[in-house]
Amino acid sequence: MEIAGQNAELPEIRRRTRLFALLVLLVFGGLAARLFYLQVLEGDAFYRVTADSVIRTEVLPAVRGELRDRRGRVLATTRPSYNVQVVPSRLEEVTYRQLLGYLADHDEELPDWETFRERVAERLDRPFVLATDVSRETMSQLETSLESRGVSVMTEARRHYPHGPLAAHTLGYLNEVSAEEVRTLKEEGYRPGDLVGRTGIEKQWEPYLRGRKGFRKYVVPRRGVDPADIRIEDLVEGPTQVDSVPGEHLVLTIDLDVQKLVERALAAQRAAAAVVVEVDTGRILAMVSRPGFDPNVMSGRLSAEAAGRLFNDPFRPLRDRTLSDTFNPGSTFKVISALTALEDGILTTEDRTKCNRFVQVGRRRFHCTKAHSVVNLMQAVLQSCNVYFYELGMHPGIMDRLARHATEFGLGVPSGLGINGEQAGFVPSEQWHREREAALNAQAVGPQGFMIGHALNTAIGEGATRVTPTQMALVYAAIAKDGTLWLPQIIERIESADGKVLEEFPPRVRRQLTVRPETLALLRKALVGVVNDPKGTAYRARSPRVLVAGKTGTAQVGTSRGRAGELPPLYARLDHAWFAGFAPADAPKIAFAVLVEHGGHGGDVAAPVASQIAERYMDLVAEREHAETAASDPKPSLVGRAGPSAKVP
């Protein structure tokens with residue numbers, strides 16, 4: 001009975017066994033199919049995904065091009081900078097205090113432990129740059145003592161201006177791109193942490209200077225993977241490495257020696273500007289704006305204290321007075337007025353005016369500096385007689401004539417240098433005054449319009465006329481160069497990193513002025529008298545060694561207390577002192593304009609600076625000529641031996 005029972009269960013056991021075997025077969029079959037799919041059909045794709053997860057791309061930064069003076073001397077370059085970086089989550093308080101001890105002599109203000117922890121509270125695991133540009137000695141100390149405790153030293157390229165504040169406004173400075181700029185400049189290759197030119201040549205010529213970044217792709221070895229078994233070329237499409245391309249070097253027209261001598265000549269002035277132009281080319285040899293700033297500081301991490309000093313300084317050290325500010329030209333404009341009178345046949349050199357110290361127009365008196373008695377045009381320029389030019393200003397239509405000649409000399413439009421938001425200045429006309437009247441009446445401000453007083457003020461360089469020192473230097477260069485108005489240049493050529501000349505910029509004439517040679521000759525003679533005639537307004541600034549020609553100017557600033565009362569009241573009430581001219585007067589090499597803001601009388605303050613510049617420049621020329629002569633014609637040496645081909649008589 002028992003055997004019969006067992007036999008009866010066998011079919012059921014066999015059925016279950018077959019079902020179980022089938023189930024096992026299905027499971028392993030599915031696994032096999034999945035394995036075949038992953039390893040054979042999609043193997044390459046999954047291998048690539050896996051490989052991608054360990055591929056890294058290293059950006060290879062480009063070295064920024066240098067700025068050099070016209071003799072090849074470096075004005076801006078790039079050097080390594082050592083920055084202290086910490087990982088907050090790994091940094092203990094005792095280590096941080098030790099770190100502050102190592103950085104005790106560092107210029108940057110570093111936070112205490114509590115302040116530091118507050119700053120990094122939301123970024124504990126991300127590296128934090130604590131101090132920039134530490135010394136090599138500090139770097140070595142940190143690397144040997146604290147490197148394993150969350151402190152590391154990173155090296156980066158840093159812009160360096162070896163002459164500090166010299167020519168700072170012209171050269172400009174860099175700083176880091178903002179988050180907004182990264183979004184807009186991403187297509188041009190800018191990334192967070194990159195530097196970009198902010199002012200001056202650094203900004204204007206940024207595309208040439210910055211170069212092009214490269215990259216290198218590499219595989220990070222993973223646990224259990226032999227890096228020798230992985231070829232990066234098999235894992236990525238396209239190149240695995242592209243070298244960076246260094247930026248191009250710019251050779252400027254600036255002459256370092258001339259720049260230095262102009263800086264020294266202006267060193268005693270609190271706010272001033274000077275521009276020196278080469279008469280034969282229109283190239284800028286020097287541009288100085290005071291007060292200045294150190295672009296090394298501006299290109300690094302600017303502390304709140306340093307930023308406060310710079311941005312709150314009432315003398316505005318970041319403002320480029322050579323290009324970005326405009327001023328009344330004062331009597332330096334009288335050369336335009338005199339030229340207008342002669343060229344348009346309004347006055348002759350024989351016409352005379354009696355100066356009793358003022359001119360009465362209606363109920364208003366227009367004053368002169370003193371009673372000059374009877375003067376002609378030559379004497380009016382030489383002595384800067386306002387009354388003579390007031391009489392000229394009463395001639396019908398004179399405003400538009402002055403505007404036409406001033407514009408031909410390049411006033412009222414940018415010179416073309418293109419840096420630092422160059423201002424155009426302004427030359428008023430009768431039409432401008434009428435339009436201004438209409439606008440003011442529309443605003444119920446009151447009637448203005450064109451009045452004869454506007455023409456009188458314009459004739460002596462006051463009123464609405466505004467110029468930059470750069471423009472005035474070019475005006476006087478044109479007078480010295482027989483009416484050739486140059487397009488000013490600040491870049492002489494572009495060179496590749498290996499010294500190959502890529503592009504040169506020869507001098508370019510902006511226009512040849514339609515002024516008669518005899519008119520220009522007369523003006524030059526009058527300008528020589530301004531400095532060298534005992535009655536000239538700059539006679540006390542004459543040089544015993546260099547024949548300087550030029551015109552003084554004392555531009556009124558009224559009773560203004562200056563920029564919102566920020567300047568010292570007595571200082572702010574002083575007029576702006578001008579002198580514009582050229583030297584040597586008999587064979588001009590340089591033209592210049594000097595402006596001393598709130599300096600007082602041009603003959604007392606600006607003219608001596610200009611004479612000093614002319615003297616030192618001619619000394620420099622003589623030294624160089626002497627050195628070149630000595631180099632080309634060395635004296636025979638009695639020491640040494642004769643060469644193989646030398647014959648002894």
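Residues with under 20% relative accessible area are termed buried in these legends. The structure shown is a predicted model.

**Figure 1. Helix H17 and the residue that follows its end.** Helix H17 spans residues 398–408. Its buried residues are Ile398, Met399, Leu402, Ala403, His405, Ala406 and Glu408. Just after H17, the backbone at Gly410 adopts a positive phi of about 95°.

**Figure 2. The protein chain as a whole, given as context for the close-up views.** The protein chain comprises 649 residues, of which 46% count as buried. Its secondary structure consists of 23 helices and 23 strands. When contacts between residues at least 6 apart in sequence are considered, 72% of them join residues at least 24 apart. The chain exposes about 33600 Å², and 52% of this area is supplied by carbon and sulfur atoms.

**Figure 3. The cysteine pair Cys355 and Cys385.** The structure contains 0 disulfides. Cys355 takes part in no disulfide, and the cysteine sulfur nearest to it, that of Cys385, lies 3.7 Å away. For Cys385, likewise in no disulfide, the nearest cysteine sulfur is that of Cys355, at 3.7 Å. Cys355 counts as buried because its relative accessibility is 1%. Cys385 is also buried, with a relative accessible area of 0%.

**Figure 4. The largest pocket and its lining.** The space in the largest pocket amounts to about 1200 Å³. Its lining is formed by 33 residues, and those closest to the centre of the pocket are Glu156, Ala157, Gly193, Asp194 and Leu195. Strand E5 gives the most, with 6 residues. Sorted by class, the lining of the largest pocket has 11 nonpolar, 10 polar and 12 charged residues.

**Figure 5. The second largest pocket and its lining.** About 870 Å³ of space lies in the second largest pocket. Of its 34 lining residues, Thr369, Ser384, Asn386, Thr554 and His601 are the closest to the centre. Strands E15 (364–367) and E21 (549–555), together with helices H16 (386–393) and H23 (602–632), are the elements that give two or more residues to the lining. E15 supplies the largest share, 4 residues. By class, the lining of the second largest pocket has 4 nonpolar, 20 polar and 10 charged residues.

**Figure 6. Glu206 and its surroundings.** Glu206 is placed in helix H9, which covers residues 206–209. A relative accessible area of 6% is the reason why Glu206 counts as buried. When residues up to four places away in sequence are not counted, Glu206 touches Arg64, Tyr190, Leu195, Val196, Gly197 and Ile201. Among these contacts is Leu195, which also belongs to the residues closest to the centre of the largest pocket.

Terms used. Residues numbered from 1 in each chain as written. Predicted model: local features only at pLDDT ≥ 70, side-chain atom pairs only at ≥ 80, totals over all residues. Heavy atoms only, no water. Disulfide = S-S within 2.5 Å. Buried < 20%, exposed > 50% of the residue type's maximum accessible area, 1.4 Å probe, protein only. 1 Å grid on protein atoms, 1.4 Å probe; cavity = no way out; pocket = protein on both sides within 12 Å on 5 of 7 lines; lining within 4 Å. Points joined across faces, edges and corners; volume = space filled by probe spheres on them. Nonpolar A, V, L, I, M, F, W, Y, C, P; charged D, E, K, R; others polar. Contact = heavy atoms within 4.5 Å. Areas by Shrake-Rupley, 256 points an atom, 1.4 Å probe, with all protein chains shown as cover.
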